[in-house]
Amino acid sequence: MREIMKELDALSRGRVKELIQAKKDGAKIIEYNGTYIPEEIIRAAGAQTYLALRGGEPEPTDAVLDYMLRFMNPLARSLAGFMQLGLDPIMPISDLLVTQQTDNHIGRITELLEFKGIKVNKVGIPADWKTDGADAYYERSLREMFAEV
């Protein structure tokens, strides 16, 4: 198991280096967060992607307590905390951060990131996908995202 974790760590570090070089070469970098963001379609549009999904350390979640309440989702807080502490090397060079808006915690964190100068696109995810208009809502949200990619 330890060897697998070392290999995954090396791949992750390599991806960061690839993206930094791609940005220097003029590529568009889209960082995203969430399972409802269609990475494949973003890549098909010609952009490089990077999944913003880190956690486990207390420092990033605590770094945003001046702006957020302690009871807020720690994963959402870590999204902004890693950027604020300079531990996310991709967010500052990204052309866009795309987040799925599944709860008010993610929404509040994206407001903080916008305040900090990060360009954010919020993809609306219907709470109940069976209701009338849910598909249209999600589709419109994706179309707005693709207009920015």
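The model is predicted: local features need pLDDT of at least 70, side-chain atom pairs count only at pLDDT 80 or more, and totals for chains, interfaces and linings use all residues. Residues are numbered from 1 along each chain as its sequence is written, and side-chain values use heavy atoms, with hydrogens and water left out.

The protein chain holds 6 helices and 4 strands, taken as DSSP runs numbered from the N terminus (helices H or I, at least four residues; strands E, at least two). Their order along the sequence is α-β-α-β-α-α-β-α-β-α. The radius of gyration of the protein chain is 16 Å, close to the 15 Å that the globule rule gives for 149 residues, so the chain is as compact as a globular protein of that length. Here the radius is taken over C-alpha atoms, and the rule is 2.2 Å times the number of residues to the power 0.38.

With a relative accessible area of 10%, Gln-100 is buried, a term for under 20% relative accessible area (1.4 Å probe, protein chains only). The Gln-100 side chain reaches the backbone nitrogen of Tyr-36 at 2.7 Å. Leaving aside residues up to four places away in sequence, Gln-100 touches residues including Asn-33, Gly-34, Thr-35, Tyr-36 and Ile-37, where contact means heavy atoms within 4.5 Å. Ile-106, Val-123 and Ile-125 are also among the residues that Gln-100 touches.

Terms used
Buried means under 20% relative accessible area, exposed over 50%, partly exposed in between (1.4 Å probe, protein chains only). A polar contact is a pair of N or O atoms within 3.5 Å; within protein, one must be able to donate a hydrogen and the other to accept it, and residues adjacent in sequence count only if both atoms are side-chain atoms.
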